[in-house]
Amino acid sequence: MYYIVGLGNPGLQYENTRHNVGFLTIDYLARKHNIDVKKLKFKSLYGQGMISGHKVMLIKPQTYMNSSGEAVRELKSFYKFDTDKLIVIYDDIDIDFGSIRIRKKGSAGTHNGMKSIIYQIQDDNFPRIKLAVGKKPSYMDLANFVLSGFTEKEAEIIRQEISLASCAIETIIGDSIDKAMNNSNSIRLVDESNE
């Protein structure tokens, strides 16, 4: 079983914000693979199904972003899975808009949701997929930026990033993370000359 965790904040006011692209990716996977993400346990909404011939659990922690690790810790202590079966999807302000980054492991960087997960499970040796959500304008503070919505043009690119991230998850599960990295890490959905 693979445990696919999308990070975000619960509540309608956060639904389509930059910080919630992890939730949006889980929703996309759920629709694509006909998985109901409606059960409430482990401080999460979750649902089980099949992707690329493997059992998966799609998970949306309901703890708010900065405490995401509490939900992941509860899941991990109940199911006792190896961390290489955990895939975390979240937003990143440091990578170029119109791209995603897949990494096998590593630090949380500046992301509080990831910091919480690594702190709670005492391990950073798990795959993660980062979706670019744009660069913070100098006049905005970080919290306001990540909780802001997308313009129509940005939303179209985010939809493509979500589709790309979903394909990457299918490849990680069905083939290998190396193949997913090779396929996805070099794709740019935005032509900078037209920005």
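Biologist: How many nonpolar, polar and charged residues are in the lining of the largest pocket?
Modeller: That lining has 8 nonpolar, 8 polar and 5 charged residues. Ala, Val, Leu, Ile, Met, Phe, Trp, Tyr, Cys and Pro count as nonpolar, Asp, Glu, Lys and Arg as charged, and the others, Gly among them, as polar. This is a predicted model, in which local features need pLDDT of at least 70 and side-chain atom pairs count only at pLDDT 80 or more, while totals for chains, interfaces and linings use all residues. Residues are numbered from 1 along each chain as its sequence is written, and side-chain values use heavy atoms, with hydrogens and water left out.
Biologist: Where does UniProt place the "active site"?
Modeller: The unreviewed UniProt entry puts that feature at His-19; such annotations may be inferred rather than shown by experiment.
Biologist: Is His-19 buried or exposed?
Modeller: His-19 is buried, because its relative accessible area is 12% (buried means under 20%, exposed over 50%, partly exposed in between, with a 1.4 Å probe and protein chains only).
Biologist: What is His-19 in contact with, leaving aside neighbours within four places in sequence?
Modeller: Its partners include Asp-91, His-111 and Leu-147, where contact means heavy atoms within 4.5 Å.
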